[in-house]
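This report describes the fold of a single protein chain and the packing of some of its helices. The sequence and the structure are shown first.

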Amino acid sequence: TLARKFGRFHDLSCFCLRGGLSCLFISTNLTLTDYPTGLIVALPIRADNLHQKYVVLAVTTFGFISVGLALLSYPPISNLLSAKLQLSYTESGLITSAFGLAYALMQVPGGILADRLGGGKALLFSLIAAGLAPFLSVFGTFTAVLGWRLIAGGACGIVLPSSVRLLSSWFSKKELNSAMGVFLSLIHIS
């Protein structure tokens, strides 16, 4: 549907912002357009006015910043959620650690996925999955919240390898060290 609406585009990436999904379409012929469902807001960037590789650097950086947001989204609400769902300390701790476990386990499969699909498609898949996972919590059960954290952690585990793959395909060997330095510095500053 997106390809038909916007035509061919070079790359696509999404990041989470306040529970919704926002997408950046990197293209040379698009203008600012809202996607009609209201769930996804498309922000096409005119690449003829920007160097595309720096747009890719910005998109991957914002994508990885969303990993930090997903990681830190549960701890502030854990006490409220534990009281509402009547969770034990063990169950609450399991939900808290589920993200990190799934994140760690998906690093190698995420790299394989990025190699097979390409960095942009793997990044898109992972950020959409991480953005949709919190909607599982509306079911209001321990299993649903645990599923949310496992899916979000697994999806976010794909972001780093796919971002590195994407950056290494856009930047020359001479520029890659600087690009990776900017990428890793900005995600830690955020």
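The face of H3 turned away from its buried side bears Asn79, Leu80, Ala83 and Lys84, which are exposed (over 50% relative accessible area, with a 1.4 Å probe and protein chains only; buried means under 20%, and partly exposed lies in between). The buried residues of H3, which spans residues 78-85, are Ser78, Leu81, Ser82 and Leu85. These four lie on the same side of H3 because they cover an arc of only 100° around the axis, the arc being that of the directions from the helix axis to the C-beta atoms. An α-helix has 3.6 residues a turn, so residues three or four places apart point the same way.

Helix H4 (89-105) and helix H7 (142-170) are among the elements that cover the buried residues of H3; contact here means heavy atoms within 4.5 Å. Just after H3, glutamine 86 adopts a positive phi of about 55°.

## Basis of the model

The model is predicted: local features need pLDDT of at least 70 and side-chain atom pairs count only at pLDDT 80 or more, whereas totals for chains, interfaces and linings use all residues. Residues are numbered from 1 along each chain as its sequence is written, and side-chain values use heavy atoms, with hydrogens and water left out.

## Overall architecture

The protein chain contains eight helices and four strands, in the order α-β-β-β-β-α-α-α-α-α-α-α from the N terminus. Helices (H or I, at least four residues) and strands (E, at least two) are DSSP runs, numbered from the N terminus. Of its 190 residues, 45% count as buried.

## Packing against helix H7

H4 and H7 have axes that come within 6 Å and cross at roughly 20°; axes are lines fitted to C-alpha atoms, for helices over the stretch in contact, and angles run from 0 to 180 degrees between N-to-C directions. H4 and H7 are therefore roughly parallel to each other (under 35 degrees; over 145 is roughly antiparallel, 65 to 115 roughly perpendicular, and the rest oblique). Residues of H4 that meet H7 include Leu94, Phe99 and Tyr103.

Helix H5 (residues 107-117) packs with H7 at an angle of about 40°, their axes 8 Å apart, and the two helices are therefore oblique to each other. On the H5 side, the residues that meet H7 include Gly110, Gly111 and Ala114; those of H7 that meet H5 include Gly157, Pro161 and Arg165.
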